[in-house]
Amino acid sequence: MAERISLAHGEGGELTHQLIQEVFIQSFGHAEQARLDAAVIPCFSGKMAVTTDSYVVDPLFFPGGNIGKLAVTGTVNDLAVTGAVPKVLTAGFMIEEGFPVSDLKKIVKSMAAEAETAGVSIIAGDTKVVERGSVDGVFINTTGIGAIGEKYINPAGMKKGDAVIITGTIGDHGIAILSARQQLGLVTDVKSDCASLNTLLHQLLQQTDGIRVMRDLTRGGLATGLVELCEDFSASIELKETSIPVREEVEGACDILGFDPLYLANEGKAVIIVDSKEADKVIHLLQSHKFGKNARLIGLVTSISEKAGKLKLKTPVNTTRRLTRLSGMVLPRIC
Amino acid sequence: MLETKIFSHPELTRRLADAVAKSAETFIKREGRMPAVMEVCGSHTMAFAKSGIKTRLRDYVRLIAGPGCPVCVTDQKAIDAMIRLSEKNNVILCSFGDMMRVPGSGSSLLQAKTNGSDIRVIYSPSDSIQIAEDHPDKEVIFLGIGFETTIPALVAAVREAEKKGLTNFSIWMTTKLVAPVLRALLQSGEVELDGFLLPGHVSIVTGKQSYRFLNDDYQIPGVITGFEPVQLLSGLLKLLNQLHEGRTGIINDYTYVVNEAGNFTAQHYMETYLTRADEEWRGIGEIRGSGLVLREKYARFDAKKKFNVLPAVPKKTKCRCGDIIRGVITPEECVLFNKACTPSKPVGPCMVSSEGTCAAHYHFMRED
């Protein structure tokens, strides 16, 4: 096979066939489905969850992962936080002419490995090759389908006094990407937290009662994720600044660069809102899993009413301030 | 090694805040009003707001944000000129991210970028040298805004361009100096002040001695302080003590990084490459000798000499950034604040700059 992707790889002819056979089918193992124009899958009973996401992260390879792994974890997590069990994924690739085939293979292998870890099958795909400069290396779109069981998430059930729990430290992905870009002279050991949380979250949902909300935190960080939740479900939440777990390296990088960890991207963290009676159990369960070791109680739902809908932060000097959506921070292509 | 965590230690912060409040109460009993303290630096303004200290002390110390945000004090005509500059053919404009959303009379750099101008956000002026090397067929212009903290980095970029013999690199300088604007504020007498919290970063370059005039000419005290909660509060406490004892003079409470004479190397290169010039300040007007520009010898790196940009007549708005910069009003007293003017729809620079007073109040001091 050629060393670099050429426009001919996207023409639908011999080279396309070769690319699909040698790169995609070899890793994804979906030879059976690939013979048909559409993958055929069994109908799940009950409700299904569907989500789609496109990945344009820069750089493509970063400490803790690459665009391929991210394209699986991101979509899997979107399904998992609704309470669905992710079942199948599709993957669309937009590849820049001249992109090294070896890099593509690495990316595709990571996707396959992460899909296996998450227990999902990649059953359909598409490849397009565009002229040099039309995309930056490779962009990937994944669509995921999951089955919703008896227990699912209904944020409208949030109540005053509910506990707000985070599964771990915030801002790791944002700082990992920034240091991988090597533009800031920033050298850190921080790895992206990108991980599929579906097993952890499924366990949690099965073994506890009273879980009202699960949200994966991505672009915009913890603050933006919770502001949206507060507004959408007329809930007010108060977080305690000193309780929010932030790695020392992330805090240091933020101090130097003027970023706020509350607004930095995450790719393997979720917020769980649960009946306060179950909070200890949830934290215990999270902490016994490798993706929840640093789980902590970070705040409470303070009111549910038409007039609510605000996210507040209690500072170390016991004043409170309102948190708003991310605005004005120039950090593009983080996922 | 310095244990930096101690400077944001929650318990220590709380206790110091209590001590400042108590000390301020004594002042209030004696004077019948709160002590009025100006924090000169925009990063101080942000840190006071974000840490919750400004809210905690609102009934004890009147903290007035000073003219220390470089983006905010940039004159409207200069911002319009930068936007026009970006629209020129064959130009790559490099800027700190803070400038991108600042509203000009008709547009912003971000809008110009969307419309096709080649504008790069960079973190260090030296990055623009690399861009100039990579694009020998383009003119690369760096928007050189900043106070004494940033000016040495601008000079370093010019030195690098000089060493590399670059002919396609230049800087659009609108630099500002701290001492002249403090003099202008004190001379105007518009705002009654009891003392200053002086900018830690600027002082690294200029040294403690650069504030001697505050004592000699105006008999007003000042404390040079850092940016962490404990440092801010320690600075305030020392300033209040001076007020109680009726002492003036400058205290250096940031001795880990600030010394008496400042950074000699930085001062030397600033002196070699730059010379004093009159600068326009938003809301204040022209202040004599309040900026630095490239000396004639380095005119080839001076974008203002290299490119002709027609001055525009600034659009009049109800924006009161100028009054806010001088400490005459607070953001909440501006009719536009959090109504017509928000970070995503800014009318003035104070709302978009990461050191802007309105941004500090919008992001960190709203409770509802």
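Thr265(B) belongs to helix 12 of chain B, which spans residues 264-273; helices (H or I, at least four residues) and strands (E, at least two) are DSSP runs numbered from the N terminus. The model is predicted: local features need pLDDT of at least 70, side-chain atom pairs count only at pLDDT 80 or more, and totals for chains, interfaces and linings use all residues. Residues are numbered from 1 along each chain as its sequence is written, chains are lettered from A and ligands numbered from 1 in the order in which they are written, and side-chain values use heavy atoms, with hydrogens and water left out.

The C-alpha atom of Thr265(B) is separated by 44 Å from that of Lys318(B), 53 residues apart along the chain. The accessibility classes are buried (under 20% relative accessible area), exposed (over 50%) and partly exposed (in between), with a 1.4 Å probe and protein chains only.

| Residue | Relative accessibility | Class |
|---|---|---|
| Thr265(B) | 48% | partly exposed |
| Cys254(A) | 2% | buried |
| Cys321(B) | 4% | buried |

**Cysteines**

Cys321(B), by contrast, is in no disulfide; the nearest cysteine sulfur belongs to Cys350(B), 3.2 Å away.

**Domains of chain A**

Chain A is assigned domain 1 (7-148) and domain 2 (155-323), the bounds coming from an automatic or database domain assignment. Their C-alpha centres lie 28 Å apart. Contact (heavy atoms within 4.5 Å) involves 21 residues of domain 1 of chain A and 20 residues of domain 2 of chain A.

The two domains of chain A bury about 1700 Å² between them, 60% of it from carbon and sulfur atoms; buried area is the accessible area (1.4 Å probe) that two parts lose on being put together, summed over both. On the side of domain 1 of chain A, Pro63(A), Asn77(A) and Val81(A) lose the most area to domain 2 of chain A, together 32% of what that side buries.

One salt bridge is found across this domain interface, where the rule requires a side-chain nitrogen of Lys or Arg within 4 Å of a carboxyl oxygen of Asp or Glu. Arg181(A) and Asp58(A) form a salt bridge, their closest N and O atoms being 4.0 Å apart. Helix 3 of chain A gives the most to the side of domain 1 of chain A that touches domain 2 of chain A, with eight residues.

Note on methods: A disulfide is a pair of cysteine sulfur atoms within 2.5 Å.
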